[in-house]
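Here is a short report on one protein model. It covers a loop residue, a nonpolar core and a set of paired strands.

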Amino acid sequence: MIKSLKNSQLSELESYPVCVVGGGAAGITMAIALARKGQRVLLIEGGDWKQVENEDAYMGEAVSPHASTTEYRYQRLGGTTHLWGGRCVPLDAYDLKQRDYVPNSGWPIEANELFPFYSDALDYCDAGNNDFTIKALRNKKPMFEDLKQLDGEIKELIERYSLPTDFAKKFGSELKLSKNILVLKETRVTTMHMNESGTYVDRIELNNGVIRLNLKVKQVVIAGGGIESTRLMLATRKHTPSWTRFDASLGKFYACHYDLIFGSLRFNGSKPFFDFEKTVDGIYARRKLQFKESFLDQHRLLNSTFRLHFPAYADASHGSGVLSTIYLAKSVLAKEYQAILNHGGQELSGEKNYSAHMLNVMTDAHSVAKFGMDWIFKRQLAKRKLPYTLINNKNGTYPLEFNSEQVPDKENKISLLDATDQFGMPRVKVEWRMTSQDINSGIRSFELLKSLLDKTKDCRLEFDAKRLENSVSSALPVGGHHIGSTRMGDSEDKSVVDNNCQVHGVNNLFIASSSVFPTNGHANPTLTIVALSLRLASHLHTQILKT
């Protein structure tokens, strides 16, 4: 059932034992999972089925190079699953361990407490079986022949891709028809009112811009994105004196993954497997390379991954009519995708490039036509869409896309501003930077990979050593990955939630969000967000049954 605040009765809303705040991947997963177990859930979403045109609620400040606070965040049912690329990657068991050279690392749960939920999470995301080895591919050969020589240092895995799945579209009918779910749309939760000791959420404040009321609650799950979940917690902290215990961690340790494209991988023998492939269960997948855990520990590296990439689209020397077509049409792409296509650098300036790109389009018309057909039939019309188009460099080299975790750093943070939005909620300021350890790990990762590949017969990694430090230092944060600012841990003086995502010392408050990740690995967060939400739904269901 779906309603608006204006046509809802307070007594009806207060009859639901569980209140989930936020209708994105985490919130919808929580609502569906609990409802299927027989629990009644009130799901509160600030948007509607379509994107809210007014960005006022998300406006704030972000320190460059972090993306604007209005980018990569959707005010609509389904949240950013409406725009994500569908990449599904689990964390490694290694990511949950405490590492003596990574400050503030270590999760308060073991891999066997989280990883069993990945199977159902993949089902929610339409991404197939819980197998990320190359054995899951129809073609089980290694990415390139020489990789066998590096088995002790490097592992080859795959990343799976969903349809991509819009959670509102997939679960919309179930949300509408379920007798156990009431979706309250176009309603924001602006703060929570605690009991005097701050150990229990008594009421939450609902606001649709016209109506403002307090709703008595029993169990509350904050399931907004990483920024919005933190914002609600910080807004509540302002009038909850006992929450001073969270001041050392709430809003702190914010992280994104950082990403850059650098270097040139050259193969003198057979070409590597570069394009998207299908798994045995029919899912689009791509291969990736990672250092093995023992190698990471030996060289004190952060966890990262390497993928083969395509040449910078702005450089007409690639000779590709397809990339030149993308270059000429680049204004329709989101800024983050423009940066990725151009390897994170500045676009080549000057009208003189246009003629070279037009020449590529004309001389490579066959590839452009094939690209157009693939775009229509594999992207626009297909239910399971080709994630994106991969174009080989005509000179046979492959730039490397590097994606890495960050050290949890207290100086990276989300804080409240004095200014408020139209609902009276404080706006946020996001501060993000790379630490020296982040940068040094990235540099060493490229240097060590080059040394390893130098041992092989037919594969070489080439790059300008003088440019490496500058390229890593200027790497961009991945815009939609907002992680770590309500982190999970064993104690309230160092974290916000416990191992069950329950806010320390608050009997009825939980957080389902990437904001609880203590460390972020290299993996895109969506699959783990869904897995953690399923784990929390199971825990909360058990707790309710006990009362």
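## A buried loop residue

Asn520 counts as buried because its relative accessibility is 1%; buried means under 20% relative accessible area, with a 1.4 Å probe and protein chains only. This is a predicted model: local features need pLDDT of at least 70, side-chain atom pairs count only at pLDDT 80 or more, and totals for chains, interfaces and linings use all residues. Residues are numbered from 1 along each chain as its sequence is written, and side-chain values use heavy atoms, without hydrogens and water.

Asn520 sits in the loop between β21 (509–511) and α14. Helices (H or I, at least four residues) and strands (E, at least two) are DSSP runs, numbered from the N terminus. A polar atom of the Asn520 side chain lies 3.2 Å from the backbone nitrogen of Gln406.

Contact means heavy atoms within 4.5 Å.

| Residue | In contact with |
|---|---|
| Asn520 | Leu91, Ala255, Cys256, His257, Glu405, Gln406, Ile483 |
| Phe446 | Leu260, Phe262, Phe306, Leu400, Phe402, Leu461, Phe463, Leu468 |

Phe446 is among the residues that touch the most other members of the largest nonpolar core, which has 154 residues. Such a core is a set of buried Ala, Val, Leu, Ile, Met, Phe, Trp, Tyr and Cys residues joined through side-chain atoms within 4.5 Å.

Now the strands. Strands pair if DSSP finds at least two bridges between them. β2 (residues 18–21) and β3 run parallel, joined by four bridges. Val18 stands opposite Val41 in β3. β3 also pairs with β7 (residues 181–185) in the parallel sense, over four bridges. There, Ile44 faces Leu184 in β7.

Methods: Buried < 20%, exposed > 50% of the residue type's maximum accessible area, 1.4 Å probe, protein only. Polar contact = N/O pair within 3.5 Å; in protein donor to acceptor, adjacent residues only side chain to side chain. Lists of a residue's contacts leave out its neighbours within four places in sequence.
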